[in-house]
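Welcome! Let us walk through this structure together, one part at a time.

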Amino acid sequence: MINWIIRENPPYPHLQCSNLVFSEEVQDSIVGFMAITWLTLWFVFGKKSGTFNSSFILDSKHRGTLVLVEWFFRLVFLTVREVKMEALEAIRQRRNVRSFTGAPIPRSDLEKIVDSGRLAASGSNRQPWDFVVVTDRKVIACLKVAGPWIEKAGAVIAVVLDPYSHWWLQDGSAAVQNMLVSATALGYGACWFEGDILPMEDELKTLLGIPPGKRLMTLVPIGVPAEIPQVEKRPLENVLHWEKY
Ligand SMILES: Cc1cc2nc3c(=O)[nH]c(=O)nc-3n(C[C@H](O)[C@H](O)[C@H](O)COP(=O)(O)O)c2cc1C
């Protein structure tokens with residue numbers, strides 16, 4: 001039921017097509033399937049009409065079928081292209097959300113969000129991160145010591161870094177930004193939360209079982225937004241310098 005509400009009533013209605021997100025494997029399968037179908041049709045129809053070459057496309061007997069098949073493929077291709085464009089829209093729409101309805105988040109969506117953190121850029125590709133996903137309401141309630149509004153998040157992702165990497169803060173920041181954008185693309189709101197957690201890092205690490213040598217960089221509360229704040233951004237012409245500052 002909750003799943004249906006989230007899916008059918010996303011907080012960003014214009015991103016409804018985010019349900020069409022295909023994994024890389026699915027995209028590969030679609031392209032492979034298209035190639036095999038094309039070759040089969042080409043071979044079967046070409047052989048039947050006695051011309052295993054491009055001229056049989058002009059044969060009126062087969063043109064209708066080929067046009068239908070082509071349109072099917074075009075639709076699939078367009079859908080895949082649309083999904084790729086969505087990243088730009090999600091970057092545009094992302095806001096730091098601090099107000100949630102309290103609805104839970106499906107595990108599969110949380111996995112997608114963490115996966116996008118895992119895929120972030122990192123210095124020397126060290127990937128010095130781990131992600132602790134907290135969905136237990138009692139533990140989330142404990143995390144509210146870092147910020148009272150966290151209690152209504154559907155989940156909180158604790159971003160853990162290994163400071164052995166020289167660039168651990170930059171690496172962690174890249175992972176957090178990826179996750180914020182993915183959460184937006186999936187119709188959720190999320191927050192980059194630093195706040196008061198650094199002074200209470202040790203207590204939170206103990207609560208979440210994080211090893212002493214690791215750093216708790218950030219908490220990322222995620223949920224169905226109750227309110228999406230608007231913020232002023234510096235205009236592009238103020239920040240974009242072509243060739244020289
Ligand atoms: C390093 C860093 C630390 C932040 N810490 C907090 C925080 O502790 N609490 C909070 O509510 N927002 C925090 N934010 C979110 C910013 O306040 C927010 O990104 C900024 O106001 C711009 O809004 P936007 O994210 O909606 O564009 C942090 C963001 C960054 C990058």
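The crossing of helix 4 and helix 6 is right-handed, a term used when the near helix is turned clockwise from the far one by less than a right angle, with anticlockwise giving left-handed. Before going on, please note that this is a predicted model, in which local features need pLDDT of at least 70, side-chain atom pairs count only at pLDDT 80 or more, and totals for chains, interfaces and linings use all residues. Residues are numbered from 1 along each chain as its sequence is written.

Back to our two helices. The axes of helix 4 (residues 107–118) and helix 6 (residues 168–185) come within 7 Å and cross at roughly 145 degrees. Axes here are lines fitted to C-alpha atoms, for helices over the stretch in contact, and angles run from 0 to 180 degrees between N-to-C directions. On the helix 4 side, Lys112, Ile113, Val114, Ser116 and Gly117 meet Ala175, Asn178, Met179, Ser182 and Ala183 of helix 6; two residues are in contact if their C-beta atoms, placed from the backbone, lie within 7 Å. By class, this contact has 5 nonpolar, 4 polar and 1 charged residues. Ala, Val, Leu, Ile, Met, Phe, Trp, Tyr, Cys and Pro count as nonpolar, Asp, Glu, Lys and Arg as charged, and the others, Gly among them, as polar.

Now for the wider view. The protein chain has 8 helices and 4 strands, which are DSSP runs numbered from the N terminus (helices: H or I, at least four residues; strands: E, at least two). The 4 strands form an open antiparallel sheet in the order 1-2-4-3, where two strands pair if DSSP finds at least two bridges between them. At its edges lie strand 1 (129–134) and strand 3 (189–190), each pairing on one side only. Strand 1 is joined to strand 2 (residues 155–161) by 6 bridges in the antiparallel sense, and valine 132 stands opposite alanine 158 in strand 2. Helix 4 returns here: it packs on the sheet, touching strand 1, strand 2 and strand 4 (215–223), and its direction makes about 160 degrees with that of strand 1.

Finally, let us visit the ligand. Around the ligand are Arg95, Asn96, Arg98, Cys191, Trp192, Phe193, Glu194, Gly195 and Val231, each with its C-beta atom, placed from the backbone, within 6 Å of the ligand. This shell has 4 nonpolar, 2 polar and 3 charged residues.
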